[in-house]
Amino acid sequence: MKNAVSVLLSIFMLFMFPGCDGSGNSGSIPADIPQTSRADSASADENNREPASTPENTTEPAKDTNSDVTADSTLVVYFSCTGNTKAVAEKIAEITNADIYEITPSEPYTASDLNYNDDNCRANREMNDESCRPEIEGQVPDLSGYDTVFIGYPIWWGTAPRIINTFLDAYDLSGKTVMPFCTSGGSSVSASVSVIRNAEPAADVRDGLRASGAGDSNIEAWISDNNIR
Ligand SMILES: Cc1cc2nc3c(=O)[nH]c(=O)nc-3n(C[C@H](O)[C@H](O)[C@H](O)COP(=O)(O)O)c2cc1C
């Protein structure tokens with residue numbers, strides 16, 4: 001009798017938990033979803049803006065339930081075509097021990113796309129169209145576990161590239177501390193900060209930083225002045 005019960009129990013377990021059959025599908029993150037990476041190379045969070053319709057993912061994960069993202073977590077988001085902003089983003093992520101996520105355009109920018117001397121180059125056409133929202137490649141990460149979000153970009157024609165608007169449209173950063181930063185040939189960050197404040201009225205958008213490069217000593221001062229760990 002005891003044996004019969006244990007056989008029945010085994011069959012029941014087999015049908016209830018098919019993910020434990022060694023198929024490798026139990027709770028693994030789909031390979032096609034881009035991951036943020038922590039500056040210290042720790043594993044990334046589950047970055048599904050539109051969760052797959054598995055029972056586990058049908059609701060937005062509650063804050064602090066994600067094992068890789070804790071309260072007070074910091075994310076550095078950046079867009080960079082020629083590497084200047086990327087270098088600053090990596091420096092900020094290192095200083096703050098933050099996760100880092102690169103905004104990658106679905107259609108990468110070529111050198112001729114960025115040739116702002118040509119009125120008709122892609123970058124100029126985008127900046128001449130306020131409603132332009134270049135598509136971001138893949139799915140963007142779940143920001144729910146982050147309290148502080150740095151957003152970095154090059155200045156294009158005095159402000160942030162339109163793909164930053166694409167990012168801002170995709171997110172509600174209400175309640176988060178937002179730290180805008182840029183690189184540029186000399187233009188200030190302030191006009192782009194206004195764009196972010198308008199797009200995220202319920203976020204605490206701090207005064208931004210224009211960095212001359214990763215070695216700019218203003219980076220550390222700006223972070224500590226804003227009491228970001
Ligand atoms: C289309 C375009 C427009 C730009 N407009 C400005 C500008 O208005 N003011 C400025 O100082 N630099 C401007 N720049 C220079 C970039 O802001 C600068 O090279 C930046 O560091 C590039 O960052 P990245 O290497 O991360 O792409 C422009 C560059 C491009 C491609």
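Which residue in β3 is the bridge partner of Val76? In this predicted model, the bridge partner of Val76 in β3 is Ile100, and that pairing belongs to a set of four bridges that join β2 to strand β3, residues 99-102, with the two strands running parallel.

**The chain as a whole**

- The chain contains six helices and seven strands, and, read from the N terminus on, its elements follow the order α-β-β-α-β-α-β-α-β-α-β-β-α.
- When contacts between residues at least 6 apart in sequence are considered, 74% of them join residues that are at least 24 apart.

- Strand β2, which spans residues 73-78, is mostly covered, since six of its six residues are buried.
- Ser73, Leu75 and Val77 point one way from β2, whereas Thr74, Val76 and Tyr78 point the other way, and the residues of both sets are buried.
- Besides its pairing with β3, which rests on four bridges, strand β2 is joined by six bridges to strand β4, residues 146-154, and β2 and β4 likewise run parallel.
- Within β4, the residue that stands opposite Tyr78 is Gly152.

**Helix α4**

- Helix α4, residues 162-170, is mostly covered, with seven of its nine residues buried.
- The buried residues of α4 are Arg162, Ile163, Ile164, Asn165, Thr166, Phe167 and Leu168.
- The cover over these buried residues includes the strands β2, β3 and β4, together with the helices α3 (122-127) and α5 (190-199).

**The ligand site**

- There are 20 residues around the ligand, and those that come nearest are Ser80, Thr82, Thr85, Ile155 and Ser187.
- Thr82 places a polar side-chain atom 2.4 Å from an oxygen atom of the ligand.
- A backbone N or O atom of Gly158 lies 2.9 Å from an oxygen atom of the ligand, and for Gly185, too, a backbone N or O atom lies 2.9 Å from an oxygen atom of the ligand.
- On its own the ligand has 650 Å² of accessible area, and the protein covers 84% of it.

**Glu126 in helix α3**

- Glu126 is found in helix α3, one of the elements included in the cover of the buried residues of α4.
- Glu126 has a relative accessible area of 8%, which is under the 20% cut-off, and therefore this residue counts as buried.
- The side chains of Glu126 and Tyr109 are joined by a polar contact of 2.7 Å.
- Not counting residues up to four places away in sequence, Glu126 touches Tyr109, Cys132, Pro134, Trp156 and Arg162, and Arg162 is itself one of the buried residues of helix α4.

Conventions: Residues numbered from 1 in each chain as written. Predicted model: local features only at pLDDT ≥ 70, side-chain atom pairs only at ≥ 80, totals over all residues. Heavy atoms only, no water. Buried < 20%, exposed > 50% of the residue type's maximum accessible area, 1.4 Å probe, protein only. Pairing = 2+ DSSP bridges. Near = heavy atom within 4 Å. Polar contact = N/O pair within 3.5 Å; in protein donor to acceptor, adjacent residues only side chain to side chain. Areas by Shrake-Rupley, 256 points an atom, 1.4 Å probe, with all protein chains shown as cover. Contact = heavy atoms within 4.5 Å.
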